[in-house]
Amino acid sequence: MDHFEYRDGVLHAEDIPLPRIAAEIGTPVYVYSRATLERHAQVFADALKDIPRKHIAFAIKCNPNLGVLRVLARQGYGADVVSGGELERALASGMAPQDIVFSGVGKTRAELAQGLDRGIGQFNIEHEPEGVALAEIALAKDMTAPAVLRVNPDVDAGTHAKISTGKAENKFGVGIDAAPEIFGRLAALPGLQMRGVALHIGSQLTSLAPLEAAFERVGRLVADLRAAGHSITHVDLGGGLGVPYKPDDNPPSPAEYGAMVARVTKDWDVTLMFEPGRVIAGNTGVLLTEVLWVKPGATNPFVIVDAAMNDLARPALYDAYHDFVAVRPTGETMTASIVGPVCETGDTFARDRVIDKVGSGDLAAFRTAGAYGATMASTYNSRSLVPEVLVDGDRYIVVADRIAAGTIMAAERVPDWID
Ligand SMILES: *Cc1c(COP(=O)(O)O)cnc(C)c1O
């Protein structure tokens with residue numbers, strides 16, 4: 001459920017008609033709904049009500065906007081971060097250092113030191129040398145780093161290849177069979193407090209079966225580690241729950257996920273950590289755009305919008321589907337391809353799709369753009385960096401400015417030795 005609804009034939013974000021944002025801020029622009037964000041955060045937390053000890057860390061890579069993070073911080077969410085930059089964002093949003101988990105396959109020594117200096121709650125170690133480095137850095141600072149070992153359970157998440165992370169051939173974690181020995185060596189290092197294991201098998205999962213298979217493997221690993229004398233107090237189950245992008249998509253609900261987790265982990269006696277991203281933020285945002293032109297094509301017309309692949313990369317990157325709706329639908333439809341202005345054929349949002357009939361100057365919205373949207377934006381083709389707006393009832397605020405192409409250009413220089 002979300003708070004983007006038609007009132008008197010006009011698409012609104014909560015109580016704000018989207019044409020007002022288009023007129024005042026311009027397009028393209030991301031529009032987020034605070035009520036939707038809070039609702040999703042609450043629904044996910046409620047789904048875990050049967051888990052006695054838990055910590056929820058929003059995977060901020062999917063939407064690191066400070067305004068968005070602030071809303072989630074107030075909901076009691078921590079953050080899963082994958083870079084020093086994300087770590088600073090989580091702190092700047094008001095999240096407590098203790099509530100921050102540091103994931104990521106290529107943390108630098110500087111980032112490990114930054115995490116220690118900031119006093120974060122947990123490091124998710126991706127492989128043995130990283131753990132050794134973290135132990136050395138912590139020891140030099142006279143500190144002990146709370147850490148878990150990320151394991152790769154070798155299951156097929158059944159999602160797009162570019163966002164699968166839990167197959168043996170993927171770059172993430174250590175093989176689950178090698179995990180006990182590696183864990184044992186890391187646990188012996190002063191400077192590390194090895195307290196558990198982590199996994200994350202992929203994103204946009206539309207079935208619980210691969211998650212359940214992975215959790216069962218991790219459950220057996222926990223038992224093996226305890227049998228070897230280790231104290232296991234934390235297991236990080238990652239994120240990955242999918243969201244509906246198409247009207248007839250039917251991914252598992254947070255409640256179904258929570259029930260499965262409660263059942264599989266009931267005897268684990270650990271604090272469970274969760275790293276949801278998309279399921280919290282996906283449906284909380286739309287990308288508002290204006291139709292520039294409708295141009296005849298060989299089969300169907302091209303609807304050329306002012307948003308492009310640099311603003312919303314998912315269709316170009318993963319062939320992802322985003323619903324496209326007119327802000328003032330007439331009830332008529334057309335079959336068209338939706339494209340942006342960037343000079344690549346990859347800048348295509350939809351091919352030969354039946355959509356609301358739109359014409360030059362009309363406003364439209366790409367739905368479910370709150371996760372992996374603005375955060376992936378670039379200035380390719382010297383376009384401006386897309387702005388973001390947060391709506392709260394009948395008020396809204398620009399939570400990220402449009403950064404003009406000229407501002408980007410001002411950070412460049414022509415060498416004076418080229419004459
Ligand atoms: C990306 C990521 C997540 C979040 O994934 P979603 O599919 O958005 O829930 C969680 N944990 C880790 C380690 C990640 O890399």
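This is a predicted model: local features need pLDDT of at least 70, side-chain atom pairs count only at pLDDT 80 or more; totals for chains, interfaces and linings use all residues.
1. A word on terms first: a polar contact is a pair of N or O atoms within 3.5 Å; within protein, one must be able to donate a hydrogen and the other to accept it, and residues adjacent in sequence count only if both atoms are side-chain atoms. With that in hand, look at Arg 278, where a polar backbone atom is 2.8 Å from an oxygen atom of the ligand.

2. Residues are numbered from 1 along each chain as its sequence is written, and side-chain values use heavy atoms, with hydrogens and water left out.

3. Which residues come nearest to the ligand? They are Lys 61, Ser 203, Glu 275, Arg 278 and Tyr 372, out of 15 residues around the ligand (a residue is near if one of its heavy atoms lies within 4 Å).

4. The largest pocket holds about 540 Å³ of space. Its lining has 31 residues, and Lys 61, Thr 165, Phe 172, His 200 and Tyr 372 are the closest to its centre. A pocket here is an open set of points on a 1 Å grid over the protein atoms alone, with protein on both sides within 12 Å along at least five of seven lines; a cavity is a set where a 1.4 Å probe fits but cannot get out, and lining residues have an atom within 4 Å of a point. Grid points are joined across faces, edges and corners, and a volume is the space filled by probe spheres set on the points.

5. By class, that largest pocket is lined by 13 nonpolar, 10 polar and 8 charged residues. Ala, Val, Leu, Ile, Met, Phe, Trp, Tyr, Cys and Pro count as nonpolar, Asp, Glu, Lys and Arg as charged, and the others, Gly among them, as polar. Domain 1 (4-32 + 282-409) and domain 2 (34-279) each supply at least three residues to the lining of the largest pocket, with bounds from an automatic or database domain assignment.

6. The second largest pocket has a volume of about 460 Å³. Among its 21 lining residues, Met 1, His 40, Val 243, Pro 244 and Asn 283 are the closest to its centre. Helix H2 (residues 34-47) gives the most to this lining, with 4 residues; helices (H or I, at least four residues) and strands (E, at least two) are DSSP runs, numbered from the N terminus. Because both domain 1 and domain 2 give residues to the lining, the second largest pocket lies between them.

7. There is 1 cavity of 30 Å³ or more. Its lining consists of Phe 44, Gly 238, Gly 239, Gly 240, Leu 241, Tyr 257, Pro 276 and Val 279, which divide into 5 nonpolar, 3 polar and no charged.

8. Finally, two backbone details are worth a look. Thr 27 and Pro 28 are joined by a cis peptide bond, with omega about -5°, and Pro 28 sits in the loop between helix H1 (18-25) and strand S4 (29-33). Asp 269, in the loop between helix H9 (254-264) and strand S13 (271-274), has a positive phi near 55°. Most residues other than glycine have a negative phi, and most peptide bonds are trans.
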